[in-house]
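Dear colleague,

Please find below the structure I am handing over to you. My findings follow it.

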Amino acid sequence: MASIITIAGEKLFAAKAQANEQLDIDTFIFANVPEQDATAPINREEALPTDHVVHQQIVQQVGRINDNVVVYSTVLDSIIGPFEFNWVGLYSSINNALVAINHIPTTPKTKTESGVAGNTLNRNFGIEYSGIAELTGISVSPETWQLDFSARLSGMDKLTQQLAEDLNGKDWFIDDGFNVTPRSTANTFRVAPGVGYVSGLRVEIKEEHILTLQSYPQFVYVDTYFDGNALSQWSPQVVFTVSDTEMDDYVDVNGIQHFVLKISVISDVNKVDDLRASSKVEKIIDDLKKSQNDIIWSIETLDLVKARNDLKVGQRIKISDRNNSEFEVKLSEGLINNDFDTIQCTLTPELSLVLIDDDGDIRNYGGRDDYSYTEGTGTNNKPIIDYLYDKKPIEIKLPKSEEGTGVYLYDGFSSKSDASGVSIIADEGVSLANYQGNSPLWINGLKVNREIASYRLDGKYFTHMGPNVYTKPSEQQSIGGASIGSLYTPYKINLTETRNYTLSNWPDGELVAASPISSTDVDINWGAIPNFNFYLSAIPVSVKDHISAHVSKGAERPCAFVETDHGWVIIHSKNNSGKIQVSEKFREVTIQKDFTELVLNESTYNMNNAAIGIIIFGTKSFGLTLNGILIRRIDTEGSIIAAGWGAGFEANAASLSISRASYFKGKKTVGIKPLKIVCVGDSTSSGQLASSQYEYMKKHLTGTCGAQVLEMKNLAIGGQVSAQQLAILESTNIDNFDYCCIQIGINDVQTNSGSLALASNIEAMIDYCESLNVVPIIGLPTSFYSQLSAKQFGQDGQNTGRSDEVGVFRNVLLQTLADRGGVFVNPSVVEDQGAVVAALLDTELDPILSDNIHPSAFGKMLMGYSFAKSIIGHATGSDSKGGLVKSPSDWWTGEAGKTAAPLYKASAENIHWSWFLSTDNETFSNGDLIGKLPRRFWPENDFYAQAINTTSASDIPTEQPNAILHFSKEGHIKVFNVDPAAVYISFNTFYELSN
């Protein structure tokens with residue numbers, strides 16, 4: 001029989017509850033619907049069968065079973081009828097609504113007439129709906145006759161059967177009970193009396209039963225069922241059936257369930273195959289009776305093995321609930337008893353069970369992939385996984401079993417914080433489910449062989465673990481530089497064309513033009529160097545030039561040298577010290593900083609041995625390279641004019657020589673030294689969780705321009721605001737670190753700590769980093785959305801707030817950093833994520849956020865890659881720009897250029913001139929040489945450019961305003977039509993540079 005609440009009834013309940021009105025149900029309706037199947041599901045939109053109604057009457061009795069269940073009843077007494085019915089409906093005439101329907105086998109209703117008594121029937125409708133008792137106003141308890149105990153009694157019978165099955169098996173017999181054997185009379189067989197269990201139902205025959213057969217072969221079946229008599233005495237009934245066809249369980253015409261078991265096959269008059277099984281316990285006893293040398297024992301559970309007291313060394317046991325793995329009994333030798341360590345499991349003080357072939361399968365330890373999301377049940381694998389973590393390094397295999405769901409449950413809190421050395425090898429289709437965010441399935445360092453989804457049952461959202469975050473550099477799919485597909489042509493530097501200086505009175509001295517002892521196009525010889533002096537040679541350079549040369553091994557303190565328009569920069573090292581000193585003189589002030597560089601401890605990168613290089617990133621930025629590897633980027637106060645080499649500081653009798661000089665034009669990349677990075681952040685960056693964004697940053701950096709992350713300190717802690725992270729950073733020793741990645745602010749937004757406070761705390765972090773020569777890179781606070789938005793797409797998320805104020809905090813931070821100047825910001829941490837909206841949530845995808853605030857594996861990857869790009873960008877100077885540089889006065893004839901000299905902006909391929917050249921009382925006739933440019937700035941071809949003669953006001957032309965400049969491809973600049981009254985000659989021209 002089937003019974004349902006209709007759609008109309010459910011809507012009526014909801015409407016009454018919303019309107020806070022009482023629900024009235026008052027009528028039973030009976031109908032006889034032709035060809036209705038009482039066992040088929042009922043359509044909840046089924047209408048009242050008006051054409052087949054046979055009777056209707058009022059509800060006569062109601063009762064409250066509990067807050068959510070009430071019962072409606074009516075009695076069809078003996079004076080009602082006659083009719084038949086197979087359809088019963090519960091109806092609200094007040095609301096004109098069919099509330100519930102019951103389909104039943106056709107039932108006759110007779111009436112008392114002609115001396116024959118009619119039957120009396122009672123009909124009950126139990127309605128289950130949240131708060132139905134209060135909604136209907138029913139508070140009285142039901143009468144006994146209103147309750148149907150048959151379902152409960154049937155359930156008790158089923159439970160008894162199930163208990164018997166669980167304890168000893170579904171079908172089994174005690175000793176010879178129900179054993180079929182031939183009799184002395186031909187074609188007759190005896191079924192022995194005794195006790196057995198069929199589908200868990202206990203059956204017994206007290207006397208033998210005789211079977212007579214006419215043909216062979218035949219199957220003998222036990223057909224048993226539960227039935228009662230007129231006195232309501234119920235017991236199992238047994239029938240024997242002989243058939244040559246297969247039989248199975250069935251339900252008879254009276255609705256009674258029959259359980260059928262084949263117990264023997266009779267092939268001939270004297271041949272009977274016994275198919276009966278014994279109980280589980282008897283099977284274990286039989287196994288124990290057999291020789292351990294003849295079989296591998298099969299035992300259901302580890303507990304059953306441990307319960308035995310007759311095990312001997314050398315016995316082999318296959319345990320069903322441990323993946324049918326084979327174990328051997330060995331001497332204990334002090335092994336520890338642990339329910340999950342089946343490799344080392346103590347059975348007795350003397351004996352232990354040892355896994356013969358451990359392939360890392362979690363099922364060897366009792367693990368199961370049986371969690372059901374709909375039922376919320378499954379094996380808790382927490383103790384097993386926790387135990388295996390402690391055995392690291394280890395590979396934990398999570399197979400997809402045939403009978404399992406593919407979902408492994410981890411339920412409980414874990415104090416483990418580092419999964420380094422643990423790898424999960426999962427089959428396709430395997431996923432994880434857990435209730436605690438800090439389970440070992442979420443912590444940093446965990447490696448996986450494929451993308452694995454992990455579902456937070458308490459947050460109702462997926463996160464994903466990817467296989468690439470902890471791969472070795474050689475396992476990465478691609479490794480590149482700051483730009484892919486770069487190829488360069490080297491150019492020779494003619495060392496007879498260098499700008500040569502001496503610098504005395506270190507470190508406050510001025511550059512003084514000087515001449516080396518000798519120079520050729522391939523080398524310069526300076527001779528011995530006095531104490532506290534430097535000898536220096538340089539060539540004019542352009543943005544993206546990368547020059548390189550060798551300084552003689554005997555020179556004390558070899559150095560890289562940069563000439564600026566207001567001073568100089570010298571970078572030198574002491575042999576084997578592992579340190580470099582950067583000294584810059586700008587106008588009248590010299591600033592010196594010391595840096596410890598790991599690579600200098602290798603003799604290959606000692607400045608006495610290495611190719612010393614300088615790459616020009618921008619007008620005021622360059623990098624020191626040794627053997628093509630960037631050692632340090634230096635941002636200058638003055639604009640860079642020339643770069644080169646030298647040596648000095650300490651007296652040195654050995655001769656200084658500079659040789660093998662060359663350069664690349666337009667160089668975009670250099671190799672990068674091993675890096676040390678400190679990281680600041682909150683839960684969006686925390687290393688407490690698997691695949692932190694900074695781990696992705698580290699992965700992406702590795703191999704890019706040859707970079708390796710030598711050390712990474714991740715200070716990020718979930719839930720912290722900027723003030724807390726500032727305190728941790730300031731208490732951390734980051735001396736000799738290269739970069740500090742700062743990604744903080746989401747919790748400042750949520751807790752309303754103040755946008756100005758956030759900016760102030762980040763400025764304090766910058767101050768601390770810069771005091772230790774660490775480069776800070778600031779990431780902007782990332783976007784998130786409200787819990788309400790997440791719930792619209794089936795995920796609970798966290799109770800976040802103020803998500804609409806992230807933009808304000810970003811703008812305040814950016815303005816503060818802009819006012820400060822010189823700060824490196826990573827806007828890509830926001831931009832690379834695109835629009836962060838709840839509509840992207842999908843349990844089968846890996847969106848930007850895994851809940852409503854924390855980045856998914858994909859989101860972390862994008863954040864990490866953005867910081868990697870920022871570090872590479874800084875190390876390769878991609879943020880630096882070419883600007884205008886004042887040309888040196890010694891490029892111009894005589895006194896010209898002393899008051900004002902033209903400005904230039906040069907790139908790898910061209911140069912742009914602007915501003916004015918002062919004549920400074922020099923007079924020029926047509927064709928006079930006005931200047932001589934260094935080779936780096938020679939034009940590709942001769943050309944003429946127009947110029948303007950101006951007065952001392954510089955913006956007022958003279959009476960003869962039009963002058964002509966002639967640029968030759970040898971770098972000579974000649975003038976024509978210069979007005980004798982001219983004070984300035986304008987420069988405004990552009991040309992391609994010669995190769």
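**Cysteines**

C769 is buried, with a relative accessible area of 0%. Please note that this is a predicted model. The closest cysteine sulfur to that of C769 belongs to C740, at 3.7 Å, which is too far for a bond, since a disulfide requires the two sulfur atoms to be within 2.5 Å.

**Helix α12**

Helix α12 covers residues 806-820. The buried residues of α12 are V806, F809, R810, V812, L813, T816 and L817. Viewed down the helix axis, these buried residues fall within an arc of 165 degrees, so they line one face of α12. They pack against α9 (746-750), α10 (755-771), β52 (775-779), β53 (824-826) and α13 (828-831). On the other side of the helix, N811, Q815, A818 and D819 are exposed. After α12 comes G821, with a positive phi near 80 degrees.

**T590**

T590 is located in strand β42, which comprises residues 589-596. A polar atom of the T590 side chain lies 3.0 Å from the backbone oxygen of P507. Neighbours within four places in sequence aside, T590 is in contact with P507, D508, W568, E584 and K585.

Yours sincerely

Notes: Residues are numbered from 1 along each chain as its sequence is written. This is a predicted model: local features need pLDDT of at least 70, side-chain atom pairs count only at pLDDT 80 or more; totals for chains, interfaces and linings use all residues. Side-chain values use heavy atoms; hydrogens and water are left out. Helices (H or I, at least four residues) and strands (E, at least two) are DSSP runs, numbered from the N terminus. A polar contact is a pair of N or O atoms within 3.5 Å; within protein, one must be able to donate a hydrogen and the other to accept it, and residues adjacent in sequence count only if both atoms are side-chain atoms. Contact means heavy atoms within 4.5 Å. Buried means under 20% relative accessible area, exposed over 50%, partly exposed in between (1.4 Å probe, protein chains only). The expected span of a helix is 1.5 Å times one less than its number of residues. The arc is that of the directions from the helix axis to the C-beta atoms.
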